[in-house]
Amino acid sequence: MKENLKVTKKPTGEAVTRYCYKNNLKICNTDGGLYSWNTTMNNSIEEGARGICPSDFHVPTDIELKNLVESQATAGCESVSGVDCAPAGIKLKLGGSSGFNVVFAGDRTDIGSFIDRGVEAHLWSSTEFGYFAWSRILYSGLSSVYREWENKAFGFSVRCLKN
């Protein structure tokens, strides 16, 4: 997808728990919602599950996000340290050459605080890591993309991948 997910309903029609930065619905319309991992996955633990993505899309796996990042950086950039991958961060940003146009929507912490809008973009993967899940992080002032495991209760942006 070329924009952050903005869904308010699950594929079954039930309401989705979506967070808007600082509870401002207008921000959800521009930046997309912030979703916990369990909500993103629609309570599935299967890698590549549809989750709350539209029909014919799925939540990207850690490997699929790795491939995206590496396509915009030096091949193998994540295999050594799990971090860096410059200049992928520049190419994936809004107005970058990739067309991905990441929005720095910030995060919702596990205690309900909103942080880092305009500074950070966290994107969920569908890959678990114990009690956590893998994500990719871009920072507005850096050229790199980082890979981290995160608390599933955090609210992050979601980009779905076409099947």
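Analyst: Happy to. By class, 7 nonpolar, no polar and 1 charged residues make up the lining of the largest cavity. Here Ala, Val, Leu, Ile, Met, Phe, Trp, Tyr, Cys and Pro count as nonpolar, Asp, Glu, Lys and Arg as charged, and the others, Gly among them, as polar. The model is a predicted one, in which local features need pLDDT of at least 70 and side-chain atom pairs count only at pLDDT 80 or more, while totals for chains, interfaces and linings use all residues. Residues are numbered from 1 along each chain as its sequence is written, and side-chain values use heavy atoms, with hydrogens and water left out.

The lining residues are L65, L68, V69, L92, L123, R136, L138 and V145. The volume of this cavity is about 30 Å³, and the count of cavities of 30 Å³ or more comes to 1. On a 1 Å grid over the protein atoms alone, a cavity is a set of points where a 1.4 Å probe fits but cannot get out, a pocket is an open set with protein on both sides within 12 Å along at least five of seven lines, and lining residues have an atom within 4 Å of a point. Grid points are joined across faces, edges and corners, and a volume is the space filled by probe spheres set on the points.

Which elements supply the lining? Both α3 and β5 give at least two residues each, and α3 gives the most, with 3 residues. Helices (H or I, at least four residues) and strands (E, at least two) are DSSP runs, numbered from the N terminus.

Let us take the helix next. Within α3 (residues 62-71), D62, L65, V69 and E70 are buried, where buried means under 20% relative accessible area, exposed over 50% and partly exposed in between (1.4 Å probe, protein chains only). Viewed down the axis of α3, these buried residues fall within an arc of 135°, so they line one face of the helix; the arc is that of the directions from the helix axis to the C-beta atoms. The helix also contributes to the largest pocket, where α3 provides the largest share of the lining, 3 residues. That pocket holds about 180 Å³ of space, and its lining includes L65 and L68.

Now for the strands. An open sheet is formed by 3 strands in the order β4-β5-β6, with antiparallel pairing; two strands pair if DSSP finds at least two bridges between them. At the edges stand β4 (120-129) and β6 (145-151), each with a single partner strand, so one side of each is left without a neighbour in the sheet.

β4 pairs with β5 (residues 132-139) over 7 bridges, and L123 stands opposite R136 in β5. Of the 10 residues in β4, 8 are buried. F129 stands opposite F132 in β5.

L138 stands opposite V145 in β6, and both residues are in the cavity lining. In the loop between β5 and β6 lies S143, which is partly exposed, with a relative accessible area of 25%.
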